[in-house]
Amino acid sequence: MIEAWSPQDVYAAEAALEEELASGELMARAVEGLVEVVAARVSQLDAETVIALVGPGNNGADALYAVAHLAEAGVACAAALDPGKVHEEALEAAREAGVVLVSGAEALEDIAEADIVVDGILGLGGRPGLPREAGDWVRAISDDAHVIAVDLPSGQAADGSAFDADGVLADETVTFSVAKPVHLLPPTEQACGTLTVVDIGLTFASEPAIVRLGHDDVADLWPVPGPDDDKYSRGVLGVIAGGEDYSGAAVLAVTAAVEAGAGMVRYVGTPTPEGLVRAAVPEAVHGEGRVQAWVVGPGLDVRASRREAIAQLAVARRALAGEEPVLVDAGGLDLVDDEVIEARRGRPTLLTPHAGELARLLTRLEAGPRSRSRSEVERGSVEAEPARHARALAERTGMTVLLKGSTTLVVPADPDARVRSQADAPPWLGTAGAGDVLSGLVGTLLAAGLDPADAGALGALVHGVAADRVGAGGPVRALAVAHGIPGAVAHLLARR
């Protein structure tokens, strides 16, 4: 598991440790780890020149000390800086080691020619965006250069809230003691590249703000049946999905649930998807009945007027009014209103929108009778600040929100609870039906007794691993991902 702490908690932990250490010891530990990584890249890439982009804070000092060590080892190093705005002791160390100190036009030339660029412009306390001169430095970086960010890519928001296209886009980031939100949250994770965490001895009294499950965590969370389990104790999942226009969603969700190990699946649909499910998943039981959790919404048309569709919607509304855990996806999100929110208060509920669905749902809820706001939430706004908007929906509904994307966020209703962030899927998984498969998979975990946040994060991980294994680096169809779930689970459980 990767755990990330807020910048405020990191500062507090650093301050506490610095009181116990000799002056400069904490920075020395950070520099030692940074030098090890940069030296390894010099060797691996057969690099001839390294330049540090040096800002006024501790990250700039780390970068400056690092190139000083490398210069002493015989590497040709330079540092772009403003001599009046850098750590004085680090500057003196760089001078004594023979680091070439440059600024202005000379700095831009050296940056453009460097094989490795060490970004130490801004740190955790820096505001998003770059100072003007630093922006010139970043624009001068060659496309062929290997960029190593110190702690975080300069210009990106440390709390992971916003991505700056003009900021540093690193090939890798070396951070200290623990990951921070910028490393695990969309949209800033894309700027960090490969993440290396250097242990400098920090300890934390607080809980992490963000967690990411790893492959080794699956065995501890996955509901493996014992010899005394039966189909009922393993969890019965009800699936209300599909309609005459989107019949395939039902097959995908039910197939995924059966492949994920549901003890039994009850399906409620309309005639066409019922026939398809009977043919594709003969294990499924049809009709409303007792369940341990519901999946409501994949392929559901809440505006359908045929008798069978109206009956299906009636079951969906009863599920939303009931006590059992519910996953609400796609068309089911159109049923979420103030009445549903009140009925589900305190009951396990997981909303699974993509960015567009989240924007529409937030807009509709904020324009409801309990709100004075009439502003429209745009999909682009959700994509630019996904964590903030997922948090807004979680707080508005009192429900856990799984926001689907290349990095999937799971945001509990409790503002003090940890956010989950998973990035396990290949880009090929961005295909029609993938969300229906995820719904059936996560719904199975809800029926087995997992809470919505754990079910969402674990399901997203297994969904991504199944797609990666099935696709083997190439295209993947949603149904193949569903059929790949057992192999993915077995592969992950074998890591115990």
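This note goes through a predicted model point by point.

1. **Ground rules.** The model is predicted, so local features need pLDDT of at least 70 and side-chain atom pairs count only at pLDDT 80 or more, while totals for chains, interfaces and linings use all residues. Residues are numbered from 1 along each chain as its sequence is written, and side-chain values use heavy atoms, with hydrogens and water left out.

2. **Lys180: placement.** Lys180 sits in the loop between strand E7 (172-176) and helix H7 (181-184). Helices (H or I, at least four residues) and strands (E, at least two) are DSSP runs, numbered from the N terminus. Is Lys180 buried or exposed? Lys180 counts as buried, because its relative accessibility is 1%. The cut-offs: buried is under 20% relative accessible area, exposed is over 50%, and partly exposed is in between (1.4 Å probe, protein chains only).

3. **Lys180: partners.** Its side chain makes a polar contact of 2.8 Å with the side chain of Thr175. The Lys180 side chain also reaches the backbone oxygen of Phe176, at 2.9 Å. A polar contact is a pair of N or O atoms within 3.5 Å; within protein, one must be able to donate a hydrogen and the other to accept it, and residues adjacent in sequence count only if both atoms are side-chain atoms. Neighbours within four places in sequence aside, Lys180 is in contact (heavy atoms within 4.5 Å) with Ala4, Trp5, Val10, Leu124, Asp151, Ala158 and Thr175.

4. **Val86.** This residue is in the loop between strand E3 (76-80) and helix H4 (88-97). Val86 is buried because its relative accessible area is 10%. Which residues does Val86 touch, leaving aside neighbours within four places in sequence? They are Val54, Gly55, Pro56, Leu81 and Leu91. Val54 is 32 residues away along the chain, yet the two C-alpha atoms are separated by 7.3 Å.

5. **Second largest pocket.** Its volume is about 660 Å³. The lining has 34 residues, with Glu14, Glu18, Met27, Asn58 and Asp62 nearest the centre. Helix H1 (7-18), helix H2 (25-45) and helix H3 (58-72) each supply at least two lining residues. H2 gives the largest share, seven residues. On a 1 Å grid over the protein atoms alone, a pocket is an open set of points where a 1.4 Å probe fits, with protein on both sides within 12 Å along at least five of seven lines; lining residues have an atom within 4 Å of a point. Volume is the space filled by probe spheres set on the points, which are joined across faces, edges and corners.

6. **Lining by class.** The lining of this pocket has 16 nonpolar, ten polar and eight charged residues. Ala, Val, Leu, Ile, Met, Phe, Trp, Tyr, Cys and Pro count as nonpolar, Asp, Glu, Lys and Arg as charged, and the others, Gly among them, as polar.

7. **Cysteines.** The whole structure has zero disulfides (cysteine sulfur pairs within 2.5 Å). Cys77 is buried at 7% relative accessibility. Cys192 is buried too, at 1%.

8. **Backbone points to check.** Most residues other than glycine have a negative phi, and most peptide bonds are trans. The bond from Pro186 to Pro187 is cis, with omega near 5°. Pro187 lies in the loop between H7 and strand E8 (194-198). Asp46 has a positive phi, near 55°. Asp46 is in the loop between H2 and strand E2 (49-54), and is exposed at 66% relative accessibility. Ala330 also has a positive phi, about 45°. Ala330 lies between strand E14 (326-328) and helix H12 (338-343), in the loop, and is partly exposed at 21%.
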